[in-house]
Structures are given as structure tokens and as C-alpha cells.
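Have a look at the picture first, then read on.

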Amino acid sequence: MRALHADTGYLLYRLGLRSGQLFNTFLQESGLRLRHYAVLRFLATGEGALQRELSAQLGYDPSAIVGLVDDLEKLGFAERRPAPDDRRSRIVVLTEDGRAFLRDTDQAGQEVTDELLTPLAPAERKTLHTLLLRVAGNRLA
């Protein structure tokens, strides 16, 4: 029988947990969690998204998205607006305060990643990132 750490899938799972713990610790002061941060980062890539798009793209349950967006609205980091092409639908958009929060946390977020990847040289980190993107393919989008 193989040792547990010989299983790449298990190692990825454990590193994902550790990464989440580090990010949540970093975000704790703001009152946000990694799931909120992921929504903000996704919203920063475009002009807004329907909640069902957020759910599909981030892999979160639709009911969880409602709560996350509610939290972000309370903080003034996101808001719901009528969708331009369908007034019955609402899109979630990043506010200027949300953009400022992301700018202010960029360096700290990088420090979390650096802590997680401390054992790797810069070239190895780049290789790891490239390999993870290839493994993920379009399964994370």
C-alpha cells in the first residue's frame, strides 16, 4: 500500500486546505473569508456577473453566493444592479471600495502565497503555477 503522501491528489487537497487557512487568517481582520475574496477577485475581471454565473464559475452553491454577495454589499464592496439586457435580472458589480480593498490586499495576498511556497525557488514556483494551470484546464472556469 502506498504512503498517503505518495498520493498527489491528497497532497493537492492538503495544500489547498493550508492555503485556505493562511488566506482566511490574512482576511480575518477585514471580516471576510476566502470565499468572499474569490467573489471580489472574479468581479474584478469584468463588468459584473449574474449570481448564477458566479455560482457556476466559482463552483459555489447558488444559496452560498446569495449570502456572500449580501455580506459584500453590507461592506460596500459590491452591489446588485439591474442587468442591462434583462431588467428582471440583477448583476453583481464591484464597487470602488471593493477595488480599493483588492488593491490594498494585493501585497498581503502575495505574502500568503510566498509563505505557502517558501520551499520553492522562484523558477520552481513559476513551473508549479504553469503545471497547475495545465492540470486545471478549463475545469476551474
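Helices here are DSSP runs of H or I with at least four residues, strands are runs of E with at least two, and both are numbered from the N terminus. Keep in mind that this is a predicted model, where local features need pLDDT of at least 70, side-chain atom pairs count only at pLDDT 80 or more, and totals for chains, interfaces and linings use all residues. Residues are numbered from 1 along each chain as its sequence is written, and side-chain values use heavy atoms, with hydrogens and water left out.

**The annotated stretch**

An unreviewed UniProt entry places the feature "domain: HTH marR-type" at residues 5–137. UniProt positions follow the numbering used here, feature names are shortened, and annotations may be inferred rather than shown by experiment. Over residues 5–137, the chain is 66% helix and 13% strand, and the end C-alpha atoms sit 24 Å apart.

**A look at Val 112**

You'll find Val 112 in helix 5, which covers residues 96–116. Is Val 112 buried or exposed? Its relative accessible area is 9%, so Val 112 is buried. For these words, buried means under 20% relative accessible area, exposed means over 50%, and partly exposed is in between (1.4 Å probe, protein chains only).

Which residues is Val 112 in contact with, leaving aside its neighbours within four places in sequence? They are Leu 22, Phe 23 and Phe 26, where contact means heavy atoms within 4.5 Å. As for Val 39, Val 112 is 73 residues from it in sequence and 18 Å from it in space, C-alpha to C-alpha.

**Charged pairs**

Side chains of opposite charge can pair when their charged atoms come close. A salt bridge is a side-chain nitrogen of Lys or Arg within 4 Å of a carboxyl oxygen of Asp or Glu. Searching the whole structure turns up eight salt bridges, including these:

| Pair | Closest N to O |
|---|---|
| Arg 18 and Glu 115 | 3.8 Å |
| Arg 88 and Asp 86 | 3.2 Å |

Now for Arg 88: its relative accessible area is 76%, so Arg 88 is exposed, whereas Asp 86 is partly exposed at 23%.
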